[in-house]
Amino acid sequence: YPVLFKDQPLNSTSNASGKLTISDVVYPTDVCLNRMTGLHWSVIIVAIVFWLLRAIKVLYHAFQYWDVKAFFNTALKINDCDLDNVTWHEVQKRLCEVQLEQQMCIHKRELSQLDIYHRILRFKNYMVAMVNKSLLPPRFKVPFLGEIVCLSHGLKYNIELLLFWGPWSPFENNWHLKEDYKKVSKRQELASLLSKHILYVAVVNLVLCPLILLWQILYSFFNYAEVFKKRTWKFRC
């Protein structure tokens, strides 16, 4: 900055014209590496991991959308050009008709619209049931403040990891519950196992707390920077 804003004279033997170039105001690679601290490396590593995970998520959703497209084209006989004009009621009607032909759901011969909604909103219904049972959102008694309700995005992420899509979740896939969870005799054993898994996840969160905090800061920065970039015209006078 001192050289860039001409607070310091330019000492460059290779530049006889006296004009500033990029090489004059940018440190060489070895100097940059020597000046970087552990905090700088942590931010860079977390940022790289952030973008890698975002790229993996985008690719994963792209494959999912391709499967949905293939299902619409092949099973439901809906072409891409007709998607804008097809109503959700028509999609449900075709799903019920395809069920009679191909038996996609083996536990019932005929599907109703309610069955389709239950399948799509299964995890949402579990969350609603936990709210109705007063399990969510968690309530904490804070001195001088009384009872406080708290359900952060991080806590919601951990709950979904444990119950829905994590390696220890009760589901074998997005719709099939494991057989052990249907047996009343194993209820106590599974409850103890879930308690251990919650403890493991809590310990991991505690150990990684500094990195999680840094992750949240970078995540907020990238998200709000993108929103600010898209809506810059609103901030102009």
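The structure is a predicted model, in which local features need pLDDT of at least 70 and side-chain atom pairs count only at pLDDT 80 or more, while totals for chains, interfaces and linings use all residues. Residues are numbered from 1 along each chain as its sequence is written, and side-chain values use heavy atoms, with hydrogens and water left out. The protein chain has nine helices and two strands; helices (H or I, at least four residues) and strands (E, at least two) are DSSP runs, numbered from the N terminus.

**Overall fold**

- Along the sequence, the elements of the protein chain follow the pattern α-α-α-α-α-α-β-β-α-α-α.
- Of the 237 residues in the protein chain, 17% are buried, where buried means under 20% relative accessible area, exposed over 50%, and partly exposed in between (1.4 Å probe, protein chains only).
- Among contacts (heavy atoms within 4.5 Å) between residues at least 6 apart in sequence, 31% join residues at least 24 apart.

**Nonpolar cores**

- A nonpolar core is a set of buried Ala, Val, Leu, Ile, Met, Phe, Trp, Tyr and Cys residues joined through side-chain atoms within 4.5 Å.
- The largest nonpolar core has nine residues, namely Phe 72, Ala 75, Leu 76, Ile 78, Val 91, Leu 95, Cys 96, Val 98 and Ile 116.
- Helix H4 (residues 88–102) gives the most to this core, with four residues.
- Phe 72 is in contact with Lys 77, Ile 78, Leu 83 and Val 91, leaving aside its neighbours within four places in sequence.
- A second, separate core has seven residues, including Met 130, Leu 136, Phe 171 and Leu 177.

- Gln 92 lies in helix H4 and counts as buried because its relative accessibility is 3%.
- Not counting residues up to four places away in sequence, Gln 92 touches Gln 113, Ile 116 and Tyr 117.
- The C-alpha atoms of Gln 92 and Ser 112 are separated by 8.4 Å, although these residues are 20 residues apart along the chain.
- Phe 123 is placed in helix H6 and counts as partly exposed, since its relative accessibility is 23%.
- The C-alpha atoms of Phe 123 and Glu 160 are 8.8 Å from each other, with the two residues 37 residues apart along the chain.
- In helix H7 (residues 153–165), Asn 158, Ile 159, Leu 162 and Phe 164 are buried.
- The buried residues of H7 pack against helix H6 (122–132) and helix H8 (187–207).

**Second largest pocket**

- The second largest pocket holds about 880 Å³ of space.
- The elements that give two or more residues to its lining are H6, H7 and H8, and H8 gives the most, with 10 residues.
- On a 1 Å grid over the protein atoms alone, a pocket is an open set of points where a 1.4 Å probe fits, with protein on both sides within 12 Å along at least five of seven lines; lining residues have an atom within 4 Å of a point.
- Grid points are joined across faces, edges and corners, and a volume is the space filled by probe spheres set on the points.

**Cysteines**

- A search of the whole structure finds zero disulfides, a disulfide being a pair of cysteine sulfur atoms within 2.5 Å.
- Cys 96 counts as buried because its relative accessibility is 18%, whereas Cys 150, at 34%, counts as partly exposed.
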